[in-house]
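Work through these exercises with the model open beside you. Try each task before you read its solution.

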Amino acid sequence: MELVKNLMIILFTGILTENFILNKFYGICPFLGVSKTTNGAVGMGLAVTFVMIGASAVTYPIYHYVLVPLGTEYLKTIAFILIIAAFVQIVEMVLKKYVKALYRSLGVYLPLITTNCAVLGVTILNIDNEYGFLESIVSALAGGVGFLLVMVIFSGVRERISRCNVPKALEGTPITLIAASITSLSFVGFGGIVDGIFGG
Amino acid sequence: MSYMKEFTKGLLRENPNLVMLLGMCPTLAVTTMAQNGLGMGLATTFVLVCSNLVISLLKRVIPDTVRLPCFIVIIAGFVTFVSIMLDSFLPELSEALGVFLSLITVNCIILGRAEMFACKNKVLPSVLDGLGMGLGFTMSLIVVGAIREFFGTGKVFGIGIMPDLIEPMTIFILPAGGFFTLGCVIAIIGVITKKKPKKIGCENCPSKDACKSYAASSETQKEGA
C-alpha cells in the first residue's frame, strides 16, 4: 500500500503541481514550436511520453549496474545523452519497419526529441531523487502525461490567440509567452492538491 | 574587422536568446535571481567557446552522417567538466542551477552554433562567434533575472534597491512571472532593433535537417503559396 501511495504521489505531483513545462521549464522549444495545432501537440506529446519512459527504463540499469560499480557516476550526462540518442534511433527504425501507422503519426517528431531537455532532464532527475526502478518509470510517465496535457491545452489557447487583435509590439512570440504565463498561473491553483488527496 | 563582426553580432543583432529564440528553457528556469543568470550564462559561454573551438578543429574528421551525435558528445564532455568545477569551487551556484547545469548539453544554442557556424568556419571566427553568442546569452539572462528579482524581491544581485518604493510581487519569481518577463523583454528588443523577432518554430532549430516534420511543414507551406 505504501508503495502504491508513493507512486500515486509521484504521478500527481509530476502531472499537476510540478508540471514539466509550466513549472520546471523542460521542453520549452517543442512547447512553443509544435503547439500551433492540436494534432501536432498530441503527436509530440505522445512521442515525448514514450521516449521519456523508454529512456528512464534504459538509463536506470546502466547507471546502477555499470556506472556506479565502476565509480564513474560523473559520466552520467555523456552516457545518458548517448543512450537517449541511440534509443531514439532504434525506436525510429523499429517503428518504420514494423508499425507503419504509428511511424507516420509519431515518427516525424522522434529526431527532435534527442535534444529535448525533458528527456535528459527526467533521467537525471530520477538519479538525483534516488528513485527506484518503478518510481523512475512512474515519474517519467507523470512528466510525459503532464507534457501532453499542457501541449493540448495550450494548442487550444494559441488557436484562439491567432484570431485575436494583438497590439503590434506583442505580435507573435511575446503574446505567446504571455499566454503561457497565464496558463502557468492557472496551474498554480493545483498547489497543495497532492497533500489534500493523500494527507501529506 | 570582420572578426570583430563575428563577435558583436551575437550581442544584440543576432542575440541567440532574444532574437533567434533559442535556449529558452534555462532562460526561464534559472532567472529567479540575476546572480544565477550570470552563473548560468558564463557556464554556457565556456562550453560554447570550447565546443566551437574543438568542432571547428575537427570539422574535416567528423563524418557528415554522424555529426550530430559527435557534436553532442563533445558538448557533453565540456558540460561534465564545468559541472565538476562548479561543484568543487562554487557549490552554492551549482546547487541553485541544479539539473539545468547538466542540461546545458541539450541547450539548442550550443548545438545550433556548432551546426550553423563552427562546422563550416575556421577556428578563430568560431571561437569569437561562440564568445559573442555566449555573452549575448549571458546578458539576456542577467536582464531577465534582474527584472524578475527586482519586482519579485525588491533586490538586484542580492542588494536591496529602493526597498520602500515597491511592494515585492512574488508572482515574478514564480514560473508565470518568468514567461511574462521574457515575453515583455522580447517585445522590447523587437521594438528597439526595429526587427520582428523570429517566429518560434522550426526555422532556427538545430535539428531541423534531421526532422521530417519540418520538411513536411515547409512543403505544405510551399503548396499553400
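The model is predicted: local features need pLDDT of at least 70, side-chain atom pairs count only at pLDDT 80 or more, and totals for chains, interfaces and linings use all residues. Residues are numbered from 1 along each chain as its sequence is written, and chains are lettered from A and ligands numbered from 1 in the order in which they are written.

**Exercise 1. Confidence**

Task: Find where confidence in chain B is lowest and where it is highest.

Solution: 
- Next, take pLDDT, the predictor's confidence in each residue, from 0 to 100. Its mean in chain B is 83, and 84% of the residues reach 70 or more.
- Now go element by element. Helices (H or I, at least four residues) and strands (E, at least two) are DSSP runs, numbered from the N terminus. α9(B) has the lowest mean, 46, while α3 (residues 34–57) of chain B has the highest, 93.
- Finish at residues 217–225 of chain B, where pLDDT stays under 50. Where pLDDT is low, the predicted coordinates should not be read in detail.

**Exercise 2. A helix and its cover**

Task: Describe helix α7 of chain A, residues 117–128. Is it mostly covered or mostly exposed?

Solution: 
- Check the length. Twelve residues span 16 Å from first to last C-alpha, close to the expected 16 Å. The expected span is 1.5 Å times one less than the number of residues.
- Apply the burial rule: 20 or more other C-beta atoms within 10 Å means buried, 12 or fewer means exposed, and in between is partly exposed, with C-beta atoms placed from the backbone.
- Eleven of the twelve residues of α7(A) are buried, so by this rule the helix is mostly covered. Among them are A:Cys117, A:Gly121 and A:Asn126.
- Look for the cover. It includes α3, α4, α6 and α8 of chain A, together with α2 of chain B.
- Step past the helix end: A:Glu130 follows, with a positive phi near 55°.

**Exercise 3. The interface**

Task: Which helix gives the largest share of the side of chain B that touches chain A?

Solution: 
- Count the two sides: 45 residues from chain B and 41 residues from chain A.
- Find the largest share on the chain B side: α8(B), with eleven residues.
- Sort that side by class: 33 nonpolar, nine polar and three charged residues. Ala, Val, Leu, Ile, Met, Phe, Trp, Tyr, Cys and Pro count as nonpolar, Asp, Glu, Lys and Arg as charged, and the others, Gly among them, as polar.

**Exercise 4. The core**

Task: Which residues have the most contacts inside the largest nonpolar core?

Solution: 
- Define the core: buried Ala, Val, Leu, Ile, Met, Phe, Trp, Tyr and Cys residues joined through C-beta atoms within 7 Å.
- The largest has 112 residues, and B:Val47 and B:Ile75 have the most contacts inside it.
- Trace B:Val47. Beyond four places in sequence, its contacts include B:Ile75, B:Phe78 and B:Ile104.

Notes
Two residues are in contact if their C-beta atoms, placed from the backbone, lie within 7 Å.
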